[in-house]
Amino acid sequence: MPVLLRPRDPGTVTDWHLVHLGGFATGGAPLILTEAAAVTPEGRISPWDAGLWDEGHVAAWRRVVDFVHARGSRIGVQLAHAGRKGSAWPPFSPQSGTVPAREGGWEPVGPTTEPFEGYAAPRALAEDEVAAVVAAFGNAARLAVDAGFDTVEVHGAHGYLLHQFRSPLVNTRTDRYGGDDAGRDRLTLEVVDAVRAAVPDSMPVLLRVSATDWSAEAPGGVEGDLVRTVELARRAAERGVDLVDVSSGGNLAKPDIPMGPGYQTGFAERVRREAGVATGAVGMITEPHQAEHVLRSGQADAVLLARGALADPRWWHRAAVALAAEGAVSWPPQYARVSDRRLY
């Protein structure tokens, strides 16, 4: 079991991030998205997470970005706030739930005081604090530009703060950030506006959403969630979001999800068709021909890999050979000979 040490510089990325993310670049990835980088200290999922809320974080991120660019790839940062899922022990820790203050944790926040199962109850954000969250996303986007990132993704999925506000399962507020679908979507759209205003017009802005929480208790069930997601995607596109990354789940601790290869691609297709916005498909897409089918069949405009890339950081080199598209990816000079490519 790894020994967990409290970081000396909270939120600052390290050599681990350089090696981890840089490995995908040497493997031919055309675009790499970092995992969640918190926009405030209390927006971290765990005390050991990366962040982008301070000028001091920029130089460390720039080192990662420069390495990726030198390999011929591009890189985007995923901006996030964990909300009521914050101050959590990481999954490889022997502990679970909320990290106490004596161990470096903090009081989590959320739209209400409703806790996520197994976690401490959060403090409900006041309206002026919600506005501060919006400003924090805008500040993080500005810092992302300074660090040289090619794109930014707003993380509005997986039961983190923006998704908590969007979900009628969690958000029972009666002020302007709750009450109906428009109120529950308000925070996400204000964050989109703040991020779009903080980056150049030429920089793509992505939005990650959970299409459904897989709950029969939500108004309209899964279908109701999908209708609400399509409407959010349409409104986000009007505000300058270039691609919606369509995932699912996150606000229930034990959802009943019919998992299988490509189990979420239908959600991406529906958002693409009904909202008129480019989409990315995710979820157990692991093989090159499977990914190619998603694109050729019009289910999505991009495929985003997680499991496949973690298992094989040179997935894109292997895919290029499998799909006879070797000219489509960047090959390090030492791998450039055809005889070497037979390894894939």
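Begin by selecting helices α5 and α6, whose axes lie 10 Å apart and pack at an angle of about 35°. The axes are lines fitted to C-alpha atoms, for helices over the stretch in contact, and angles run from 0 to 180 degrees between N-to-C directions; helices (H or I, at least four residues) are DSSP runs numbered from the N terminus. This is a predicted model, in which local features need pLDDT of at least 70 and side-chain atom pairs count only at pLDDT 80 or more, while totals for chains, interfaces and linings use all residues. Residues are numbered from 1 along each chain as its sequence is written, and side-chain values use heavy atoms, with hydrogens and water left out.

Now show the side chains between the two helices: D181, A182, D185, T188, L189 and V192 of α5 meet R228, L232, R235 and A236 of α6, where contact means heavy atoms within 4.5 Å. By class, this contact of α5 with α6 has five nonpolar, one polar and four charged residues, with Ala, Val, Leu, Ile, Met, Phe, Trp, Tyr, Cys and Pro counted as nonpolar, Asp, Glu, Lys and Arg as charged, and the others, Gly among them, as polar.

On the α3 side the contact is made by V130, V134, F137, G138, A141, R142 and V145, and on the α5 side by L187, E190, V191, A194, V195 and A198. These residues divide into ten nonpolar, one polar and two charged.

Next select α2 (residues 58-70) with α3 (residues 127-147), which pack at an angle of about 50° with their axes 8 Å apart; α2 and α3 are therefore oblique to each other. Here V58, W61, R62 and V65 in α2 meet L143, D146 and A147 in α3, and by class the contact has five nonpolar, no polar and two charged residues.

Finally, select R166, S167, P168, D225 and R228, which among the 14 lining residues lie nearest the centre of the largest cavity. On a 1 Å grid over the protein atoms alone, a cavity is a set of points where a 1.4 Å probe fits but cannot get out, and lining residues have an atom within 4 Å of a point. Helices α4 (161-166), α5 (181-198) and α6 (221-238) each supply at least two residues of this lining, which has two nonpolar, five polar and seven charged residues.

Key. Parallel < 35°, antiparallel > 145°, perpendicular 65-115°, else oblique. 1 Å grid on protein atoms, 1.4 Å probe; cavity = no way out; pocket = protein on both sides within 12 Å on 5 of 7 lines; lining within 4 Å.
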